[in-house]
Amino acid sequence: MAPPKNERAFEANSSIVLVGCRGAGKRTLGFMGALHLRRRLVTEEHYFEKTTGLSRGEYLARHGREAFARQDIEVFKRMLDSNRTGCIIECGMSSLTGEAQDALRQYSSTNPVVYIHREKEQIARHLDAADLQQLLKADGRHRSCSNFEYYNLYDPPNKSGGHISGTSSGASTPLNGRQSGPSKLLSAREDFTRFLDIVTGRGATKAWLESPFSVSSVPPEFRSYSYALRLRLSYLMDMDLEWEDFEARGDCVEFIIDHWPDDLMNVIARQIALIRRKLGIPIIYHVEENPRGERRRTPEEKDAMDADLLELGLRLGVDYISLDLQRHDEFVNRVLRHRGRSKIIGNFWYMGFGALAWQDDRQMENYKRAQGLGCEVVRMVRFCTNDSPAELLEGFKKRLQQEVPDPKPPLVAYDFSVLGVRTPLQSRILNPVKHPDMENERDHLATVSTYYHSYELLFRQFLLDPLQFYVLGSHVSYSLSPAMHSAAYDFCGMPHTFQDVTCSTIDRLNQICLSDSFGGASLTAPFKVAIMPHLKVKSHHATAIGAVNVLLPLRGKTSAILDHANSRNKAGPAREFFGDNTDWSSILTCLRRAISPRNYVQPSKTTGLVVGAGGMARAAIYALIQLGCRNIFIYNRTTPNANQVAQHFNDWAATQGIVGTKGGSHEICRVLPSLSEPWPRAYQPPTMVISCVPATSANGSAPADFEMPLDWLRSPTGGVVVELAYEPLVTPLVAQMHAVRDHMSPSWVVVDGLEVVAEMAIEAFELMTGRMAPKRLMKEVCRKTWEQQQQQQRQGSEMAMSSY
Ligand SMILES: O=C1C[C@@](O)(C(=O)O)C[C@@H](O)[C@@H]1O
């Protein structure tokens, strides 16, 4: 019963090899990957030149074809052999030869070898038409000498100007102004770095360490309730909804292969890439054994084809592979041997009449078999007519608790009938759901519930509780957060409320937070820094920044973080409170989206400028540090305050071993005392500028009228300016940067305050509720609410004028 050895679990530091056709994007991805994993990039071209002293062309011309071929393969093998760890290796055209492919095949028993491919039309753009067909055919052979594959999706920006999990409007005029969208490479980088996190296995730990309450740090099978959005290939090939419509409609996607169009393998690879880019949630990969609309297959053909399809899922690095354990051992073992880092969902489906009853001992044996095979999740589904009252399944679960030793893989179990899943609450986790506008499925799960409906039911049945959330601070009456959060609750079927409460003392804050129905709060001045000494539990980001802007009650029965995370959306006395900071991560998200590839952070060169010295400026500095920037300048009207912030981060950086790269000093933060000084010559002009000063006067202080001195704007590659103020939206800095972009340097991107504040609310919502946020909706509500507020203000002042 012991599972076969996993043959695709590589050492985390093993070098990763990229192979594929010219024009597939290997070099760009290699660069991105090396930066992300902090590895050395080895390119075949450069390695050849370094080893032989000649470029490949020169070598060929000087020594002739035969000698070149001999030398080429020898260098190729040496390149692989002498760089077994710590590198990203980009192969050139040699990988098309049989001998190189043999070497790669062997290498792939110890290292990830990733086949990079993309749309034929995109490859054609980089190649001579005459070569194309032949090359593409040869390229397909890379599949046989690699153990992973990555589809480098070309995704033209959509009509609304972006992607749902990474929209940068770079909006430059209020609302519908000119949109300087993100570089196309940005999404590619996000997707590829995520893929590398899967291949190296560092994804899950990273999310957990960075923010234990973030949605991605608790896998769906460990949440108190979770939903799998079913998306069939037959539907996706001809879908009548937009990708944006699927946002926040499930905790993961179950991708079901029920259709065999031409070029099936590439079609699947592309769909997986699309789901990842558009929805950014874990994928369950399921191959249907008997798809309705397809021809019948012989048992041998079925096994061979389905095994290849499952293998493809493993190569694509999906999060979960759904494996029917009723298929024969050889089939099951092949998947288990090649599982890599994908989790296995071991299935037992009883589809027809006479399905095994829950009280049948064989059901228990099934579960134990899945457990013995090392499945991470067990899924047991049975068709029922009228023979299965809810108690039988409950009885099975109880028996399982008593009889099966730990560790027990989480169980997904439900009955379905011709009318669909019996009740959406039968299975706590990975409940099947669909989009409300999708037609009911033609086959077994006739009517599947929706995420909204199932989640709402949990509140109606008192399994979850309606809670009160707040934005708290001394100037919150214009906060856009209540509108954004409330819209998100409505969307998700949560009966929570979100209010702004003006308060400025810790006593009043305490009073609000100690209520049993307190769900969480967004904090703003004066609490962000003042609350620090009152909080025992904080994320390490909040500690480093010295400020908190999201407060959560901890209601877990034990001290385990998972227990606290799963107690969200439940009322009761809080044992403790947890403080996190989403200001920095929202700024980081906006910077990442807007930065062009030419301005990717190079620690030794890139310079950042932060204007201001308050809590938000601290978050901005931290975001720059996290992006890898080691030369950070602070300008603030009151210089001593800037000195204090610089000191805070220099001290902190020293404890972390983070050092500056210039000027013989190890300090990463420096203060610029005056706007009239020229930009320090030892440093590149800044390519990232974040303005953290309010544009309107607050507390009687003068309003900020910050503009960049022209001498500070000399970056030849432009850069990004993030403006945090949005009252007014076009601040003096934003207006200046529009003019700069239009008349001097078009490569500057401006991110306005609404984009950042929406991002903050999105991240706060996810932390507070543990559910994915409907991002597009929240962003829309943010701009609309802001517009309404502006209109009300205009009307108010017009009325005041007329009565005067
Ligand atoms: O700065 C902001 C914006 C905010 O104050 C709001 O009103 O949405 C909420 C704060 O948590 C965040 O840090």
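Buried means under 20% relative accessible area, exposed over 50% and partly exposed in between, with a 1.4 Å probe and protein chains only. This is a predicted model, in which local features need pLDDT of at least 70 and side-chain atom pairs count only at pLDDT 80 or more, while totals for chains, interfaces and linings use all residues. Residues are numbered from 1 along each chain as its sequence is written, and side-chain values use heavy atoms, with hydrogens and water left out.

Q: Is Phe 518 buried or exposed?
A: The relative accessible area of Phe 518 is 1%. The cut-off for burial is under 20%, so Phe 518 is buried.

Q: Which kind of pair do the rings of Tyr 470 and Phe 518 form?
A: Rings of Phe, Tyr and Trp (its six-membered ring) pair if their centres lie within 6.5 Å, and planes under 30 degrees apart count as stacked, over 60 as edge-to-face and the rest as tilted. Here the centres are 6.2 Å apart and the planes stand at 15 degrees, so the pair of Tyr 470 and Phe 518 is stacked.

Q: How many residues apart in sequence are the parts that Tyr 470 and Phe 518 tie together?
A: Strands are DSSP runs (E, at least two residues), numbered from the N terminus. Tyr 470 belongs to strand β16 (residues 468-473) and Phe 518 to strand β18 (residues 518-523), so the parts tied together are separated in sequence by 48 residues.

Q: Which residue has its ring under the charged end of Arg 327?
A: A charge sits over a ring if NZ of Lys or CZ of Arg is within 6 Å of the ring centre and within 35 degrees of the ring normal. The charged end of Arg 327 lies 4.2 Å from the centre of the ring it sits over, that of Phe 331.

Definitions and conventions. Helices (H or I, at least four residues) and strands (E, at least two) are DSSP runs, numbered from the N terminus.
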